[in-house]
Amino acid sequence: MKDPVTVSTGITYDRESIETWLFSKKNTTCPITKLPLIDYTDLTPNHTLRRLIQAWCSMNASHGIERIPTPKPPVNKNQISKLLKDASHSPLTCLRRLKSISSGSETNKRCMEASGAVEFLASIVINTNRNIDSSHEADSNDGSGFELKTSACDEALSLLHNLHLSEQGLKTLLSFRNGEFIESLTRVMQKGFFESRAYAVFLLKSISEVAEPVQLLHLRQELFVELVQVLKDQISQKTSKATLQTLIQFSPWGRNRIRAVEAAAVPVLIELLLDCKERKPCEMMLVLLELLCQCAEGRAELLSHAAGLAIVSKKILRVSTLANDRAVKIILSLSRFSATPHVVQEMLKLGVVAKLCLVLQVDSGNRAKEKAREILKLHARAWRNSPCIPNNLLNSYPNYV
């Protein structure tokens with residue numbers, strides 16, 4: 001132990017370890033006694049044990065043991081409140097001080113959240129974007145002016161991300177000033193630097209996971225445009241993954257599918273799938289594509305892309321059971337609602353029929369098998385007598401349907 005602390009059950013743990021247990025893994029019980037912790041943010045320093053450890057380190061210095069330093073005490077709400085109150089004189093200095101405090105421990109982060117730091121940081125993001133919108137033209141000839149205005153916003157976004165906010169903290173951001181914070185994140189993705197755009201996406205992802213469906217019904221079109229642009233720009237793997245997760249969370253509600261389609265999400269996903277070799281990103285793209293193909297606009301976009309149907313078919317049996325299920329489900333949506341004679345013949349030419357028959361023969365997942373069988377039944381008459389079906393499948397094809 002480097003910084004022993006005692007919880008309300010009387011058990012002592014190392015601060016870093018118990019904070020990981022409580023805050024990162026979101027447990028609310030004592031690891032040893034399994035009893036609920038009355039106030040799991042109340043971690044009392046065990047000074048006696050720390051001094052014993054330091055004394056033991058000093059006694060064994062000849063064996064290469066280094067004495068652990070005396071840890072800094074965690075901040076309290078009064079200190080944070082005073083810092084926030086004085087922030088009007090020098091916002092950047094306050095932000096840097098808050099950043100230093102948050103890096104001290106998870107306890108400091110929870111204390112900051114409980115002291116109003118979330119609202120303070122959200123206000124900086126909102127106010128900075130307002131100022132930028134109103135004075136962007138005046139600063140267009142001076143890059144340093146624009147950079148100076150955005151530095152506070154960048155620091156605030158970085159802090160909000162690194163605080164690893166609780167569910168309540170994220171809900172505060174979602175409803176802050178009647179949703180104005182979400183609009184500010186949209187502007188950050190539109191005008192910000194790569195790092196700030198990434199932080200905006202990470203925050204949106206976290207917010208989407210705790211939002212009620214009714215809160216996601218009226219998201220603005222501009223938000224989807226910027227999310228798709230971030231996905232297209234491929235800032236980093238982590239950012240792209242968070243963007244996909246955010247779009248997946250948003251898409252099922254209201255007209256969000258159509259908003260994503262109108263933001264050109266379908267062609268961007270198809271282009272990314274063409275070059276994607278990793279399992280997880282492929283799965284997430286197919287999950288999102290399947291959601292978008294549940295609306296007529298999404299299916300039309302996929303069919304209008306020269307590689308749309310081909311890349312979906314190509315991913316079957318090449319990625320994972322989940323990818324099989326989603327890819328076959330996309331083809332099923334097309335077969336049910338968009339199966340023009342041209343589309344049916346295109347499936348034959350691209351070898352979709354052969355893939356579906358293979359899905360029935362190999363271990364591809366029960367869901368994929370059921371959907372593949374349904375597709376074959378839908379088009380049995382059109383495909384059974386077609387010369388495009390491989391010869392080795394002609395005899396066994398009727399058995400599948």
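**Notes on the predicted model**

1. Ala264 is partly exposed, with a relative accessible area of 33%, and this residue belongs to the loop that lies between α13 (256–262) and α14 (265–275). Although Ala264 is not a glycine, its phi is positive, at about 70°. As background to this point, most residues other than glycine have a negative phi. The values here come from a predicted model, and they should be read with that in mind.

2. Gln234 is another residue that is not a glycine and yet has a positive phi, of about 50°. Gln234 sits in the loop between α11 (221–233) and α12 (237–250), and with a relative accessibility of 38% it counts as partly exposed.

3. On confidence, the mean pLDDT of the protein is 88, and 90% of its residues reach 70 or more. Over residues 138–146, however, the pLDDT is below 50, and this stretch has seven contacts in the model beyond near neighbours in sequence. Residues 394–398 likewise have a pLDDT under 50, and for them the model has eleven contacts beyond four places in sequence.

4. Turning to the overall fold, the protein has 24 helices and three strands. Its radius of gyration is 27 Å, well over the 21 Å that the globule rule gives for 401 residues, so the protein is more spread out than a compact globule. Along its principal axes the C-alpha trace spans about 85 × 60 × 40 Å. Of the 401 residues, 50% count as buried, and among contacts between residues at least 6 apart in sequence, 67% join residues at least 24 apart.

5. The domain assignment divides the protein into domain 1 (4–63), domain 2 (74–135 + 142–215) and domain 3 (264–400). The centres of domain 1 and domain 2, taken over C-alpha atoms, are separated by 30 Å, and where these two domains meet, six residues of domain 1 are in contact with five residues of domain 2.

6. Which residues have the most contacts inside the largest nonpolar core? This core has 105 residues, and the ones with the most contacts inside it are Leu98, Phe120, Leu173, Phe181 and Leu302. Helix α10 (residues 194–210) gives the most to this core, with nine residues, and the core draws at least three residues from each of domain 2 (74–135 + 142–215) and domain 3 (264–400). Apart from this core lies another, of nine residues, including Val7, Tyr13, Cys30 and Leu37.

7. A last point concerns the cysteines. With a disulfide taken as a pair of cysteine sulfur atoms within 2.5 Å, the count comes to zero disulfides. How far is the sulfur of Cys153 from the closest cysteine sulfur? The closest is in Cys94, and because the distance is 15 Å, the two sulfurs are too far apart for a bond. Cys153 counts as buried, at 5% relative accessibility, and Cys57 is buried too, with a relative accessible area of 5%.

Key. Residues are numbered from 1 along each chain as its sequence is written. This is a predicted model: local features need pLDDT of at least 70, side-chain atom pairs count only at pLDDT 80 or more; totals for chains, interfaces and linings use all residues. Side-chain values use heavy atoms; hydrogens and water are left out. Buried means under 20% relative accessible area, exposed over 50%, partly exposed in between (1.4 Å probe, protein chains only). A nonpolar core is a set of buried Ala, Val, Leu, Ile, Met, Phe, Trp, Tyr and Cys residues joined through side-chain atoms within 4.5 Å. Helices (H or I, at least four residues) and strands (E, at least two) are DSSP runs, numbered from the N terminus. Domain bounds come from an automatic or database domain assignment. pLDDT is the predictor's confidence in each residue, from 0 to 100. Contact means heavy atoms within 4.5 Å. The radius of gyration is taken over C-alpha atoms; the globule rule is 2.2 Å times the number of residues to the power 0.38.
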